[in-house]
Every structure is written in structure tokens, then in C-alpha cells.
Amino acid sequence: MNNNDTDKADYECHLEQVTELLGKEYNAALQLCRIIREGIRLNIPLQRIKNYTDWYYNSRLALHLKKESEYIFPILGDDNELIIKTLAKQRRLKRLFEENEQIEKSLSRIEEELERLIRINEKGILNEIKKCATLEQLIQIEKVYHKNRITEEWKDVFWQN
């Protein structure tokens, strides 16, 4: 095995790790969408659902969005169409999470917007990253996502009623 083969194998290994780490984050966000839908379906008081979404946003999602903006998006550049679209969706989501008046409407919109955002990230941004990220960028993303693992869990699992 020559150096090129070793470098390629190393690159592929890190790319697989990054894909797996981001996939877990995306799946967790999609789970939030399912939880919102299930809570509404079960007629759970909206404030209980809102309390959970607030906790999720503040303890997990906001950190994920920050990491994306700092370590993933720069790989594609500020003028990339997918990045521009994603940043606009992130700003919209932030406003929806901060909404305290029209809770039912904002929860429904969070569920829809977040799912759309994750699909853009999964199908678009991640595929673009796979094409152009350097080994050093992949290693950096891996470190950042491993370093900031969150283990705290929510106690009020209303969706399991």
C-alpha cells in the first residue's frame, strides 16, 4: 500500500465518521419533529411541548447550528446557494423557537421548517462537503462534534403516554 492509498483510506475513514456524527445530529432533530407531532396528536398541553422544544433548542440544536456555521459552512463558502438558504431557515427557526404567544402555530411551523432544514443538510450540504472537504477539515469537524457531546436527558417524556 503506497502513501496515496493510505491517505485515501484515512480520508474515507474520517469522512465516514463525520457523516455518521452529522447523521446522528440530523436524526435527533428529526426525532424532535416526531415528538412535536406526537404531542399534538395526543392533545398534550401545548406548554409542555413548548417546554421540551425550548429545552431541546437551548441544550442541543442551537449548539449544533453554531458548530455547522463555524466548521461546516465555511467549507462551501458564504456565497453557496445551499448555505444562504440554510442560514435563512436557521434564522426563521430561531424566531419560531422564541415565539411565546402563538404556541400551537409556532410548534407546527418548527416541525415543518426543521424537517425541511434537515433534508437540505442531509441531501445537499453533506453531499457537497463530501466532494470538497479536506482531511484537515474533516478531522476538525470530528473533534468538535465528539468534544461537545450532550448527555443530559429530558424528564417529561409526554410523547410516550
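This is a predicted model: local features need pLDDT of at least 70, side-chain atom pairs count only at pLDDT 80 or more; totals for chains, interfaces and linings use all residues.
Read along the sequence, the protein chain we have here follows the pattern α-α-α-α-α, with five helices and zero strands, where helices (H or I, at least four residues) and strands (E, at least two) are DSSP runs numbered from the N terminus. Residues are numbered from 1 along each chain as its sequence is written, and side-chain values use heavy atoms, with hydrogens and water left out.

Let me begin with the chain overall. Taken along the principal axes, the C-alpha atoms fill a box of roughly 60 × 35 × 20 Å. Of the 161 residues, 41% count as buried, and buried means under 20% relative accessible area, exposed means over 50%, and partly exposed lies in between, with a 1.4 Å probe and protein chains only. If we take contacts, meaning heavy atoms within 4.5 Å, between residues at least 6 apart in sequence, then 82% of them join residues at least 24 apart.

Now to the inside. The largest nonpolar core has 44 residues, and Tyr52, Ile72 and Leu114 touch the most other members; such a core is a set of buried Ala, Val, Leu, Ile, Met, Phe, Trp, Tyr and Cys residues joined through side-chain atoms within 4.5 Å. Helix H1 (3-41), H2, helix H3 (81-98), H4 and helix H5 (135-147) each supply at least two residues of this core, and H1 gives the most, with 12 residues. Leu114, leaving out residues up to four places away in sequence, touches Ala29, Leu32, Cys33, Leu61, Leu93 and Arg109.

Next, how do the helices pack? Helix H2 (residues 46-76) and helix H4 (residues 103-132) pack at an angle of about 25°, with their axes 12 Å apart. The axes are lines fitted to C-alpha atoms, for helices over the stretch in contact, and the angles run from 0 to 180 degrees between N-to-C directions. H2 and H4 are therefore roughly parallel to each other, since angles under 35 degrees count as roughly parallel, over 145 as roughly antiparallel, 65 to 115 as roughly perpendicular and the rest as oblique.

For H3 and H4, the axes come within 10 Å and cross at roughly 155°, which makes H3 roughly antiparallel to H4. By class, the contact of H3 with H4 has 10 nonpolar, five polar and seven charged residues, where Ala, Val, Leu, Ile, Met, Phe, Trp, Tyr, Cys and Pro count as nonpolar, Asp, Glu, Lys and Arg as charged, and the others, Gly among them, as polar.

Asn43, by contrast, sits in the loop between H1 and H2 and is exposed, with a relative accessible area of 66%. Phi of Asn43 is near 60°, a positive value in a residue other than glycine. Most residues other than glycine have a negative phi. Lastly, Glu12 in helix H1 is partly exposed, with a relative accessible area of 42%, and Glu12 and Asn80 are 68 residues apart in sequence and 24 Å apart in space, C-alpha to C-alpha.
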